[in-house]
Amino acid sequence: MSLKLGSLLLLLAIPASVPASVKRAAIEGRAFPVNALPPLTYSPKKYTFYIEDATFWQAWQLCRSKDKRLATIENLQDHMAYTTALSPIEDVDSLEFWIAGTNLGAKAGDYDKYYWITNDRPVGNLNEFGNWFEGITPFIPNVCMATYLGSAKWIYGDCVTPKSGYACEESQDV
């Protein structure tokens, strides 16, 4: 396949197995990585905190019932938005909030691989961001993630043990 740009002739070798929409994007100069989608742009997430005892699973469903998702904190900008939203809450230093990370179902040897259940992305995938309280990803099987007090550091716990609250985010297209 060739494309003429002014007096410049480009020869493109695009395998037949590549979908036509991706070929068009490449030809039009919009060759995006991996899935032919433009790179993610950042817009601050809107977090809401609910102070009521809930297990991880209850928190997930409660966010859904409010047309929201259990919160993800995927990069420093998310962390800043999260801590800003958290700051007006009184007695925040005595609260723990469930967020959407878990390693449930991980194979033996992969217990340090966590995923956000709301978007199926690996925790730490974007910009290798991590905010674990202990400084390293815990190697404990079948746990879920929460944030610790006002620091918003990540902790883990048994998914069926209630925490004092949960954090939801406005649904965004991913």
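Two disulfides are present in the structure, which is a predicted model. Counted along the chain, the bonded cysteines of the protein pair in the pattern 1-4, 2-3. One of these bridges links Cys63 to Cys168, with an S to S distance of 1.9 Å, and the torsion about its S-S bond is about -85 degrees, so this disulfide is left-handed. Because Cys63 belongs to helix H3 (residues 56-65) and Cys168 to strand E9 (residues 165-170), the pair ties together parts of the chain that are 105 residues apart in sequence. Cys63 has a relative accessible area of 0% and is therefore buried, and Cys168, at 0% relative accessibility, likewise counts as buried.

The other bridge joins Cys144 to Cys159, again with an S to S distance of 1.9 Å. The torsion about the S-S bond of Cys144 and Cys159 is about 95 degrees, so the disulfide is right-handed. Cys144 is located in strand E7 (residues 144-148), whereas Cys159 is located in the loop between strand E8 (153-157) and E9, so that this pair ties together parts that are 15 residues apart in sequence. Cys144 is buried, its relative accessible area being 0%, and Cys159, with a value of 3%, is buried too.

With regard to the overall architecture, the protein comprises four helices and nine strands, which follow one another along the sequence in the pattern β-β-α-α-β-α-β-α-β-β-β-β-β. Of the contacts in the protein with a separation of 6 or more, 69% are accounted for by residues 24 or more positions apart. Buried residues make up 35% of the 174 residues, while the accessible surface of the protein comes to about 10,200 Å², with 55% of this area belonging to carbon and sulfur atoms.

Two loop residues were examined individually. Glu74 occupies the loop between strand E4 (68-70) and helix H4 (76-86). The relative accessible area of Glu74 is 5%, which falls under the 20% limit, and the residue is therefore classed as buried. When residues up to four places away in sequence are set aside, Glu74 touches Lys45, Trp116, Asn119, Arg121, Leu126 and Phe129. Among these contacts, the side chain of Glu74 is joined to that of Lys45 by a polar contact of 3.4 Å, and the side chain of Glu74 also makes a polar contact of 3.3 Å with the side chain of Asn119. A further spatial relation concerns Glu128, which lies 54 residues from Glu74 along the chain and whose C-alpha atom is separated from that of Glu74 by 8.5 Å.

Lys113 is placed in the loop between strand E5 (96-102) and strand E6 (115-116). The relative accessible area of Lys113 is 42%, and the residue is therefore partly exposed, whereas Glu74 is buried. With residues up to four places away in sequence again left out of the count, Lys113 touches Thr102 and Asn103. The C-alpha atom of Lys113 is separated by 10.0 Å from that of Gly101, a residue 12 positions away along the chain.

Notes: Residues numbered from 1 in each chain as written. Predicted model: local features only at pLDDT ≥ 70, side-chain atom pairs only at ≥ 80, totals over all residues. Heavy atoms only, no water. Buried < 20%, exposed > 50% of the residue type's maximum accessible area, 1.4 Å probe, protein only. Contact = heavy atoms within 4.5 Å. Polar contact = N/O pair within 3.5 Å; in protein donor to acceptor, adjacent residues only side chain to side chain. Areas by Shrake-Rupley, 256 points an atom, 1.4 Å probe, with all protein chains shown as cover. Disulfide = S-S within 2.5 Å.
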